[in-house]
Amino acid sequence: SAQPLKNMAVSIQQKRGIRTRRNMQISNIGAWKSWRQSQSARCRKVWGRIKEALTNLLPWQHTLHSIKGRFGIGVKAYFVFLRYLVYLNLLHCALIGAFIIGPTIIYGNNSGELVSGDELPTKSKPTPELFVPFPQHFDFLLGSGYLERSPVFFGFYRRGSLDLPCLNMPLLYLAGILSILLLSFILVVRRTIVGYKHTWMLRKRYNMNVSYKIFCGWDFTIQDSDSASLKRGCIRNDLKLLLEEQRFSMRVAQRKLGQKVRLYLLRFFLNVLVLSLLGGAFYLIFFAINTSMKKGVIKLVFEYLPPVTITFVNLLLPHIFRKISTFEDYSFTMQINSTLVRSIFLKLASLGIYLFFIFNLPPRVQPEMVQPGTTRVQPEMCRENRLGKEMYKLSIFNFLATICNAFLFNFPRKFLQEACPSSLLARLSGQQRFLIPFNVLDLVYGQTVSWMGVYYCPLLPLIGTVTLIVTFYIKKVTVLWCCRPEQRMFRASNSSVLFHFMLLLGLIMAAVTLGFNFYLPPLENVDPCGLFENGQSVFNITAVCVASLPGPAQSTLSYLTSEAFALPLLLAEVVLLTSYVSRGRANQKTIERLKDMLVTSSSDKRFLVKQHAMMVKQESE
């Protein structure tokens, strides 16, 4: 075999024998074959070094290595996940540039032309100074003003000069958005499946024994003595957690009927409390949306009231859920999972309720100042621009919340602990810890907002890329300077599947929202904007494209979208799923058999050692 010796799972003596046999074979073969083998080995070595160098060229590789050495693999998993989202958004930006921005630049666009105030109906009633619109420097925060007439939002784009039946701007725009959702679905499902296979192999029945944790659990990437002591504590906590889970299982088995009834009643009331908190949070979001419709002196506050409310609810309630789970008498792992599931439901449901109310908001008109002393009636923006504006504000405020949390809470808390470590406030605040699940939930929420708003705000992936890069450096400084390592290391492999599954739920929610928007009727008294004007819709434009295709192509598309094709497709999916399930069960039986063989081989070795000792003893006598 041409496999390198260091990749072989054999002992040192066997490797020396293999190397001796290889040298003997080289001396017995011809010069040409020997040269080819040496060149092949050299090429493999060079290629391995090239791959290692390319790996080191990945962004933030040194930072990730430093974080892993000081805080363990769990905190590194968060930053790897953040980097993965940066790559995903860069892919989205490339698709947006290829399908939307590029054709718009090449084939022209008629939007964005401002209409002069003389052409609009005006009123000579003066507008009070307290109620004038915002200065232009607030437009970036609200997505209003010049941003409404920029490529940021859907209403900017027009058909342009590219107007073929199957090659026009509406179809290119739709193809770009669907490509983003489809590629994101493929990539997220792939990472979820890979993580699930790893988690399936490390489930409870395949847990390594205590000897493996003691002798093979050391992390050789640790750089300093503090991290080494932390790793020792991590191994100790793993053993304590294993014993704790065993004690918990024994305690559950020894519960009496009265104890079970009291525990189930307690869990019932706690779940009612959780539902009440969720209901109150949803009502608070509804109240914030209604209040944001008002106009007044503090219009900026009213405009940002729904994003502020959603962010406040998403920051506060997960910590309350974590406290509630401690009273439900679950295992430690179940407590974490229940908190994450409730937090996932809170974040996605709050976003869904917000979108539901936004979809059902009635059209409105609002006065806008043209010149001092005169106003004009500004028509209500179309549904797409309004939804894009709301998603834009959610993204911007989520990023502002990250900055404020770092500069107004984490950094001052660190300064206080260093300057006055014995003060009452410093003792009450305690040492900062990096809560990985909640930070990952923030990333999932931000990416879900980006997917939901990419149709209405095409440049949202670019905004998301910039905000994620800045978030990476903010979190890096927060972790390395403000936080202390956890006494119990976070098991990233057990929760990575849940993180990607949350991402998958957010993507499905974004796709459902987009499909729901396609089927909504147009708003009354609101002029359509963007690519689908003059009564056009996605279905009309695609129908025109299909009608222009040749007959065989139309017949093929008609068959693929008919019920006659659905039955064979369903049967093929059933066959594939059955084969994969059968393969999984066969692999499971194989693993169980190999485990039995390992147990048998170890018992055979002990038996042979015992027999050898007896024979030696008999010979000595």
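Reply:

Gly388 counts as buried, because its relative accessibility is 0%. Buried means under 20% relative accessible area, exposed means over 50%, and partly exposed lies in between (1.4 Å probe, protein chains only). The model is a predicted one: local features need pLDDT of at least 70, side-chain atom pairs count only at pLDDT 80 or more, and totals for chains, interfaces and linings use all residues. Residues are numbered from 1 along each chain as its sequence is written, and side-chain values use heavy atoms, with hydrogens and water left out.

Gly388 sits in helix α13. Helices here are DSSP runs (H or I, at least four residues), as are strands (E, at least two), numbered from the N terminus. Leaving aside residues up to four places away in sequence, Gly388 touches Phe153, Tyr456 and Cys457. Contact means heavy atoms within 4.5 Å. Gly388 and Val152 are 236 residues apart in sequence, yet their C-alpha atoms are 8.6 Å apart in space.

Now the helix itself. α13 covers residues 383-419, and its axis comes within 11 Å of that of α16. The two axes cross at roughly 10 degrees. Axes are lines fitted to C-alpha atoms, for helices over the stretch in contact, and angles run from 0 to 180 degrees between N-to-C directions. α13 and α16 are therefore roughly parallel to each other. Angles under 35 degrees count as roughly parallel, over 145 as roughly antiparallel, 65 to 115 as roughly perpendicular, and the rest as oblique. The contact of α13 with α16 has 15 nonpolar, six polar and three charged residues. Ala, Val, Leu, Ile, Met, Phe, Trp, Tyr, Cys and Pro count as nonpolar; Asp, Glu, Lys and Arg as charged; the others, Gly among them, as polar.

α16 (residues 460-482) also packs with α4 (residues 73-107). Their axes are 8 Å apart, at an angle of about 160 degrees. α4 and α16 are therefore roughly antiparallel to each other. Their crossing is left-handed, a label used if the near helix is turned anticlockwise from the far one by less than a right angle; clockwise would be right-handed. On the α4 side, the residues in contact include Val75, Tyr78, Phe79, Leu82 and His92. On the α16 side, they include Pro461, Leu468, Ile469, Phe472 and Lys475. This contact divides into 14 nonpolar, five polar and two charged residues.

Thr309 lies in helix α11 (residues 305-325) and counts as buried, because its relative accessibility is 10%. Beyond residues up to four places away in sequence, Thr309 touches Leu284, Ile285 and Ala288. Ser161 belongs to the loop between α5 (139-142) and α6 (169-201). Ser161 is exposed, because its relative accessible area is 56%. Ser161 and Tyr107 are 54 residues apart in sequence, with a C-alpha to C-alpha distance of 5.5 Å. Asp329 lies in the loop between α11 and α12 (332-359). Asp329 is partly exposed, because its relative accessible area is 26%. Its phi is positive, about 55 degrees, although Asp329 is not a glycine.

Last, the chain as a whole. It has 20 helices and three strands. Buried residues make up 37% of its 621 residues. Of the contacts with a separation of 6 or more, 79% join residues 24 or more positions apart.
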